[in-house]
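The structure it refers to is shown below.

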Amino acid sequence: MKTLNLFDLERAAKEKLPQMAYDYFASGAWDEVTLRENRAAFERLKVHYRVLVDVSKRDLSVHLLGQKIPLPVIFAPTAFHKLAHPEGELATVRAAGKAGTVMVLSSLSTTPIEDVVRAATGPVWFQLYINKDRQFTRDLVARAEAAGCQALMLTADTPEWGRRERDVRNGFHLPQGLAAVNLLPSNQRGEAIGQSGAGMGQAFSWMLDASVTWPDVDWLASLTRLPVLVKGICRADDASRAIEHGAAGIVVSNHGARQMDTAPATIEVLPRCVEAVGGRVPVLLDGGVRRGLDVLKALALGATAVQIGRPVLWGLAADGQAGVESAIGLLRAELDLAMALAGCADIKTITSDLIGR
């Protein structure tokens, strides 16, 4: 089957993945209302394109935390890449390097931080949660910084794990030989993390802290010289609070619809969050990005760049590093064409007047 778009890539991945692995990557919380809405909200937005603009040369590059990247798409943090392909996060980071973009490495990686950064030819950021054991968090931050990660991304929307019923039905667990290696040696029961339990909630609840509040963002920022971004924002007031508490950037995200079901689609709340931020820090968006046209819409509504999560995993499952390269290549080509058709020669000309409902 010729892969024309990311939906084709998902179908190819589904054919290769065991049902439990596919459902883990694909599923959302509860009734998966937000999972569907993340896509539907993009599709409702209309592009009021310009004509008779010279778009013979197009520049897709953008500056993000002081670094120029060739397109406004980075790799979101996603867990357990070796569940998709034996090379796991190493294949992903090599593909990110070839594309010249950022990989945000999940703390639930199946490859050690140090190995991923050594294999990288581009920037690697590190995603983390604030653990109940604050010393564990200190040590993990120090380890990420020492390894050469260039930023930290705090996931803030997970005081508890969302209930993903596909995982519960499947009794989700990692196959023998795979583990969340950045969280080893083990959890407090001495088990290899992720290899028991019915879903993420049972296997990983030990590492979350439901008492985390905004001053903990200040505390996290005080531990490191790296910029700290806060991921999981869906309200304008929280976007402002994140900056007040030391965030160097925010990510408008509903965790891929895997936490609070019936949360709004990220593209719908993006404009209010952008307005609240007022240009003080970069604003990223993830959730439902499947077309280059979606990237154009997100940028028009104020995003600095977008993150893609599941499309990276579909590419990885379908064809390893080459599949991930295909995923980012498809989005790049679609964004380039969308900019031409919308009358935008560069990123700064992708403005809000292009978008209607």
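## Buried positions, packing and voids

Thr137 is buried, with a relative accessible area of 1%. The values here come from a predicted model. Thr137 belongs to helix α6. Setting aside residues within four places in sequence, its contacts are Leu128, Tyr129, Ile130, Asn131, Trp219 and Leu220. Trp219 and Leu220 are themselves buried residues of helix α9.

**Helix α9**

Helix α9 runs over residues 215-222, and its buried residues include Asp216 and Val217 as well as Trp219 and Leu220.

**Helix α1**

Which residues of helix α1 (residues 6-16) are buried? They are Leu6, Asp8, Leu9, Ala12 and Ala13. Seen down the axis of α1, the buried residues fall within an arc of 150°, so they line one face of the helix. The packing partner of the buried residues of α1 is α13.

**Strand β9 and Gly249**

Gly249 is found in strand β9, which spans residues 249-252. With a relative accessibility of 0%, Gly249 counts as buried. Not counting residues up to four places away in sequence, Gly249 touches Val228, Leu229, Val230, Val281 and Pro282. Gly249 and Ala156 are separated by 93 residues in sequence, and their C-alpha atoms are 13 Å apart in space.

**Cysteines**

How many disulfides does a search of the whole structure find? The search finds 0. A disulfide is a covalent bond between the sulfur atoms of two cysteines. For Cys273, the closest cysteine sulfur is that of Cys234, 7.1 Å away, which is too far for a bond. The cut-off applied to a pair of cysteine sulfur atoms is 2.5 Å. Cys273 is buried, with a relative accessible area of 0%. Cys344 also counts as buried, at 0% relative accessibility.

**Cavity and pockets**

Rolling a probe the size of a water molecule over the atoms shows where empty space is left. The structure holds 1 cavity of 30 Å³ or more.

| Space | Volume | Residue classes of the lining |
|---|---|---|
| Largest cavity | about 420 Å³ | 12 nonpolar, 11 polar, 6 charged residues |
| Largest pocket | about 620 Å³ | 16 nonpolar, 8 polar, 5 charged residues |
| Second largest pocket | about 210 Å³ | 5 nonpolar, 4 polar, 5 charged residues |

The largest cavity has a volume of about 420 Å³. It is lined by 29 residues, of which Pro77, Thr78, His255, Gly256 and Arg258 are the closest to its centre. Elements that each supply at least two residues of this lining are α2 (19-26), β11 (305-308) and α13 (310-342). Helix α13 is also the element against which the buried residues of α1 pack.

The largest pocket has a volume of about 620 Å³. At least two residues of the lining come from each of β7 and β8. The largest share, 3 residues, is that of β8.

Two or more lining residues are given by each of α1, α2, α3 (33-44) and α13. Which element supplies the largest share of this lining? It is α3, with 4 residues. Helices α2 and α13 each supply at least two residues to the lining of the largest cavity as well.

Conventions. Residues are numbered from 1 along each chain as its sequence is written. This is a predicted model: local features need pLDDT of at least 70, side-chain atom pairs count only at pLDDT 80 or more; totals for chains, interfaces and linings use all residues. Side-chain values use heavy atoms; hydrogens and water are left out. Buried means under 20% relative accessible area, exposed over 50%, partly exposed in between (1.4 Å probe, protein chains only). On a 1 Å grid over the protein atoms alone, a cavity is a set of points where a 1.4 Å probe fits but cannot get out, and a pocket is an open set with protein on both sides within 12 Å along at least five of seven lines; lining residues have an atom within 4 Å of a point. Grid points are joined across faces, edges and corners, and a volume is the space filled by probe spheres set on the points. Ala, Val, Leu, Ile, Met, Phe, Trp, Tyr, Cys and Pro count as nonpolar, Asp, Glu, Lys and Arg as charged, and the others, Gly among them, as polar. The arc is that of the directions from the helix axis to the C-beta atoms. Contact means heavy atoms within 4.5 Å.
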